[in-house]
Amino acid sequence: MKREIPEVARELAGKDKVRILFVCLGNICRSPAAEGVMQAVVDNNRANKRFKLDSAGLYGGHAGELPDRRMRVHAFQRGYNLTHHSRPVRMSDYDNFDLIVAMDHSNYDRLRTMAPTLEDERKVVRMIDFVKGFPQCDCVPDPYYDGAEGFELVLDLLEDGCVNLFDILSVKQ
Ligand code: 4NP
């Protein structure tokens with residue numbers, strides 16, 4: 001699969017406020033990590049006022065939980081403190097966010113299908129499209145049933161993708 005920066009992301013570069021929702025299945029591994037990594041990029045660039053970040057899951061079975069302990073430990077080793085509590089995706093998210101960033105193809109397809117309008121459907125993009133390295137990956141893979149290397153790969157992909165996403169949203173290209 002060829003990666004392509006979605007036009008909707010470039011269009012946000014001129015906006016005063018950018019609201020991003022990161023989405024995976026359980027909202028306990030990949031998407032809270034994406035939120036935490038992106039928050040660090042935003043903080044490092046002193047861009048806090050411009051960005052609103054959140055994350056959510058398509059499966060509500062972990063609602064209320066902190067991220068998976070393995071994800072928290074691997075993230076903490078890189079300096080990220082993940083404190084988000086899992087919540088399911090809501091229909092109001094399509095109104096309340098400018099960009100809805102899916103971790104894998106299944107998340108992407110479901111979020112697109114659920115979108116109430118075509119404009120909302122355009123807001124749904126894939127995280128992997130912002131990743132510059134890791135040509136062997138075609139999504140941010142679910143680490144839930146993997147060992148440590150799965151969690152490390154998720155963080156590697158997110159660190160690469162979030163820096164690029166921030167740059168695209170910040171520079172009118
Ligand atoms: P996530 O990982 O989508 O990255 O949060 C998962 C967490 C839980 C489950 C699946 C994936 N689960 O089936 O419970």
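This is a predicted model: local features need pLDDT of at least 70, side-chain atom pairs count only at pLDDT 80 or more; totals for chains, interfaces and linings use all residues.
Asn 96 lies in helix α4 (residues 93-96), where helices (H or I, at least four residues) and strands (E, at least two) are DSSP runs numbered from the N terminus. Residues are numbered from 1 along each chain as its sequence is written, and side-chain values use heavy atoms, with hydrogens and water left out.

**Asn 96 and its surroundings**

- Asn 96 has a relative accessible area of 34% and is therefore partly exposed; buried means under 20% relative accessible area, exposed over 50%, and partly exposed in between (1.4 Å probe, protein chains only).
- Leaving aside neighbours within four places in sequence, Asn 96 is in contact with Arg 19 and Lys 52, contact meaning heavy atoms within 4.5 Å.
- Asn 96 and Lys 52 are 44 residues apart in sequence, and their C-alpha atoms are 9.9 Å apart in space.

**The ligand site**

- Around the ligand you will find Cys 24, Leu 25, Gly 26, Asn 27, Ile 28, Cys 29, Arg 30, Tyr 59, His 62, Asp 142 and Tyr 144; a residue is near a molecule if one of its heavy atoms lies within 4 Å of it.
- Sorted by class, this shell holds six nonpolar, three polar and two charged residues. Here Ala, Val, Leu, Ile, Met, Phe, Trp, Tyr, Cys and Pro count as nonpolar, Asp, Glu, Lys and Arg as charged, and the others, Gly among them, as polar.
- Gly 26 has a backbone N or O atom 2.8 Å from an oxygen atom of the ligand. A polar contact is a pair of N or O atoms within 3.5 Å; within protein, one must be able to donate a hydrogen and the other to accept it, and residues adjacent in sequence count only if both atoms are side-chain atoms.
- For Asn 27, a polar backbone atom is 3.2 Å from an oxygen atom of the ligand.
- Asp 142 uses its side chain, with a polar atom there 3.4 Å from an oxygen atom of the ligand.
- The ligand taken alone exposes 360 Å², and the protein buries 91% of that; accessible areas come from the Shrake-Rupley method with a 1.4 Å probe, and for residues only the protein chains shown count as cover.

- Asp 142 and Cys 29 are 113 residues apart along the chain, with 7.9 Å between their C-alpha atoms.
- Asn 27 belongs to the loop between β1 (18-24) and α2 and counts as buried, at 0% relative accessibility.
- The phi of Asn 27 is positive, near 55°, in a residue other than glycine. Most residues other than glycine have a negative phi.
- Cys 24, in strand β1, is buried at 1% relative accessibility.

**Helix α3**

- Met 71, His 74 and Ala 75 are the buried residues in helix α3 (residues 69-77).
- Viewed down the axis of α3, these buried residues fall within an arc of 100°, so they line one face of the helix; the arc is that of the directions from the helix axis to the C-beta atoms.
- The other side of α3 has Arg 69, Phe 76 and Gln 77 exposed.
- Cover for the buried residues of α3 includes α2 (30-44) and α7 (148-170).
- At the start of α3, a side-chain oxygen of Asp 68 comes within 2.8 Å of the backbone nitrogen of Arg 70.
- Gly 79 follows α3 and has a positive phi, near 95°.

**Gly 161 in α7**

- Gly 161 is in helix α7 and is buried, with a relative accessible area of 0%.
- Not counting residues up to four places away in sequence, Gly 161 touches Met 127, Phe 130 and Val 131.
- The C-alpha atoms of Gly 161 and Met 127 are separated by 6.8 Å, although the two are 34 residues apart along the chain.
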